[in-house]
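Here are my notes on this model, written up as numbered points. Have the structure open while you read, and hop between the two as you like.

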Amino acid sequence: MGKKITVTVIKADIGGFVGHSSVHPDLIEKARGMLNGNPILIDSHVTHVGDDLNLIMTHEGGRNNGEVHQLAWNIFQSCTELAKKMKLYGAGQDLLADAFSGNIKGLGPGVAEMEFEERTSEPIVVFMADKTEPGAWNLPLYKMFADPFNTAGLVIDPKMHNGFDFEVRDLIKNRKVIFSCPEDLYDMLVFIGAPGRFCIKRVFHRDSGDICASSSTQRLNLMAGRYIGKDDPVLIVRCQSGFPAVGEVLEPFAHPHLVSGWMRGSHSGPLMPVGLAQCNPTRFDGPPRVVALGFQLADGKLHGPQDFFADPSYDRAREKANFIAEYMRSMGPFEPHRLHLDEMEYTTMPEVTKKLKERFIDLRK
Ligand code: F6R
Ligand code: MG
Ligand code: MG
């Protein structure tokens, strides 16, 4: 067995610039300074999408590594101090605990990680989204790893033809189930078609058992028991040589699908694929954005990034997303633009109901 590399992506919103739209460059600089040359890492890359600060790290410490998670926690804390000094918006909003207790899971920041033996050549894509939730990856992951109309390799590459296993998490009951596709496709769709509750956490290559994709599934609103912020998700995907090609991994985002999030985490809107230069949600705090950064790994070194959605071949997807955004906005406070009552992160329903209590007349009497 060769040596194993772990790719860990940890993100948090620790202060927005301006409002909830972006991350101030000083915070990115601070995070870079704390990661650069750190002896527990092989390499790192700091970036952002919208108001989320993303730390992309490689190391040999395995998943849920205490030292690596501690490092990320310390960075978010130091950046929060700076954000507070600059009075950035919502400074420290995703840091739910006062002290780190060995593992960053459950503390607020989002984590996606995978450990594997590097192949002869190891292309990976890191997806990062703002103003949406982890279930936003369900449809694209389904297309990448189970839909032959998206991924030609499922049909014509002998190394992919036996399909993939999907690990799906039930975020409400905190349990998981594995679906082996293509056989379990119809059963799986019953669940992953409800992305507010069931999320694809990981995908494995059936022939080899190798990990292919790993997402973050934290639900901040549930964890905190009250609204703290949308749990803008991240996703790592390995590509090529028996896994979907880079182009097959990017292809699902050519058709912007509707996701939950957007303004006040309480609206449905299209997920717009953008380059880093366009990743700051603007219209009605959106529409929700996704960035795709490609890296070639070499002994854990991150060669990249390639800012995939900056490409003109995604111009049409952006146009389409803008068209859908325009249409959805026209519905204002009505469902399905505004989310269903159970899914909204802001609500005045209890207060208004209380205020109008006397004015409601019971018709059953
Ligand atoms: C959504 C988001 C924003 C805020 C909105 C109101 O995830 O971050 O749309 O919900 O700007 O923010 P507050 O309540 O902080 O004024
Ligand atoms: Mg924010
Ligand atoms: Mg955000």
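1. Let's start with helix H3 (residues 138-146), which is mostly covered: 8 of its 9 residues are buried. Buried here means under 20% relative accessible area, exposed means over 50%, and partly exposed is in between, worked out with a 1.4 Å probe on protein chains only. The buried residues of H3 are Asn138, Pro140, Leu141, Tyr142, Lys143, Met144, Phe145 and Ala146. As for the labels, helices (H or I, at least four residues) and strands (E, at least two) are DSSP runs, numbered from the N terminus.

2. Some housekeeping before going on. Residues are numbered from 1 along each chain as its sequence is written, while chains are lettered from A and ligands numbered from 1 in the order in which they are written. Please keep in mind that this is a predicted model, where local features need pLDDT of at least 70, side-chain atom pairs count only at pLDDT 80 or more, and totals for chains, interfaces and linings use all residues; side-chain values use heavy atoms, with hydrogens and water left out.

3. Next, a helix pair. Helix H1 (residues 25-35) packs with helix H2 (residues 66-85) at an angle of about 145 degrees, and their axes are 10 Å apart. The axes are lines fitted to C-alpha atoms, for helices over the stretch in contact, and angles run from 0 to 180 degrees between N-to-C directions. On the H1 side, the residues that meet H2 are Asp26, Leu27, Lys30, Ala31, Met34 and Leu35. Their partners in H2 are Leu71, Asn74, Ile75, Ser78, Cys79, Leu82 and Ala83. Contact means heavy atoms within 4.5 Å. The residues of this contact divide into 9 nonpolar, 2 polar and 2 charged.

4. Which side chains make polar contacts with the side chain of Thr8? There are His59, at 2.8 Å, and Glu113, at 2.7 Å. A polar contact is a pair of N or O atoms within 3.5 Å; within protein, one must be able to donate a hydrogen and the other to accept it, and residues adjacent in sequence count only if both atoms are side-chain atoms. Thr8 sits in strand E1 (residues 4-12) and is buried, with a relative accessible area of 0%. Leaving aside neighbours within four places in sequence, the residues in contact with Thr8 include Leu55, Ile56, Met57, Val68, Val111 and Ala112.

5. His59 turns up again with Pro39: their C-alpha atoms are separated by 9.5 Å, with the two residues 20 apart along the chain. Pro39 is in the loop between H1 and strand E2 (43-49). Is Pro39 buried or exposed? At 76% relative accessibility, Pro39 counts as exposed.

6. Now the ligand. Ligand 1 is surrounded by 11 residues, and the closest are His20, Tyr89, Arg264, Asp285 and Tyr346; a residue is near a molecule or strand if one of its heavy atoms lies within 4 Å of it. A polar side-chain atom of Tyr89 is 2.8 Å from an oxygen atom of ligand 1, and one of His20 is 3.1 Å from an oxygen atom of the ligand. With Arg264, the backbone supplies the polar atom, 3.0 Å from an oxygen atom of ligand 1.

7. The Arg119 side chain reaches the backbone oxygen of Cys239 at 2.8 Å and that of Gln240 at 2.8 Å. Not counting residues up to four places away in sequence, Arg119 also touches Arg238, Ser241 and Phe243. The C-alpha atoms of Arg119 and Ala298 are separated by 9.2 Å, though the two are 179 residues apart along the chain.

8. Ser241 has phi near 50 degrees, a positive value in a residue other than glycine; Ser241 is in the loop between strand E10 (234-238) and helix H7 (246-250) and counts as exposed at 55% relative accessibility. Asp299, also not a glycine, has a positive phi of about 50 degrees and counts as exposed at 54%. The peptide bond from Phe17 to Val18 is cis, with omega near -5 degrees, and Val18 is in the loop between E1 and H1. Another cis bond runs from Glu335 to Pro336, with omega near 5 degrees.

Conventions: Nonpolar A, V, L, I, M, F, W, Y, C, P; charged D, E, K, R; others polar.
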